[in-house]
Amino acid sequence: MTTTDISTATETPAKKSMDIHQIKQYLPHRYPMLLVDRVLDWEANKSITAIKNVTVNEEFFNGHFPHKPVMPGVLMIEAMAQTAAILSFLTMDIKPDENSVVYFVGIDNARFKRPVEPGDQLVMNVEILRVSRGIWKYKAVGSVDGKVAVEAELMCTIRSADDASQPAGK
């Protein structure tokens, strides 16, 4: 009598994660503007989940606000945009060079649902909605402890730094 190992037939695909060293190969940002600490999982052409560990040592907390530190909404949006940029490069199966620049071209339906404070872990889920004529559109949601903190639709384009000063329509 032979036995068959059926565990492989029901296994889910292995998670694709990235540590900070791998993230730095896909983003040009560095401290204090690098706002993605780890990628938990991603699937090309679909989605990515990443985290930003929010600590009281962040420089922006010195002024926002000294009596009640809150992560600025614009930085939450930036963290989700950086996560989206990683997904775009992974989807294209390329690593950007020093000449690659990712620019915002639009932010729609941004909503801030709860503050993000020191000690929180902002979990960012970003999915590609569409890619058309070099414009990537994403649905991005950032949550803390399973509760939505921020959500938005982001639109970005990837350009060469040499072309970056030219209007997007050219």
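**Exercise 1.** Work out how many bridges join strand E5 to E6, and which way the two run.

*Solution.* Start with the rule: strands are DSSP runs of E with at least two residues, numbered from the N terminus, and two of them pair if DSSP finds at least two bridges between them. Here, E5 (residues 135-144) and E6 are joined by 10 bridges and run antiparallel. Next, pick out a facing couple: serine 143 is opposite valine 148 in E6. Then look at the turn: E5 and E6 make a hairpin with 2 residues between them, and aspartate 145 there has a positive phi of about 55 degrees.

A quick word on the source: this is a predicted model, where local features need pLDDT of at least 70, side-chain atom pairs count only at pLDDT 80 or more, and totals for chains, interfaces and linings use all residues. Residues are numbered from 1 along each chain as its sequence is written, and side-chain values use heavy atoms, leaving out hydrogens and water.

**Exercise 2.** Decide whether tryptophan 136 is buried or exposed.

*Solution.* Its relative accessibility is 8%, so tryptophan 136 is buried. Tyrosine 138 is buried too, at 1%.

Terms used. Buried < 20%, exposed > 50% of the residue type's maximum accessible area, 1.4 Å probe, protein only. Helix = DSSP H or I, 4+ residues; strand = E, 2+ residues; numbered from the N terminus.
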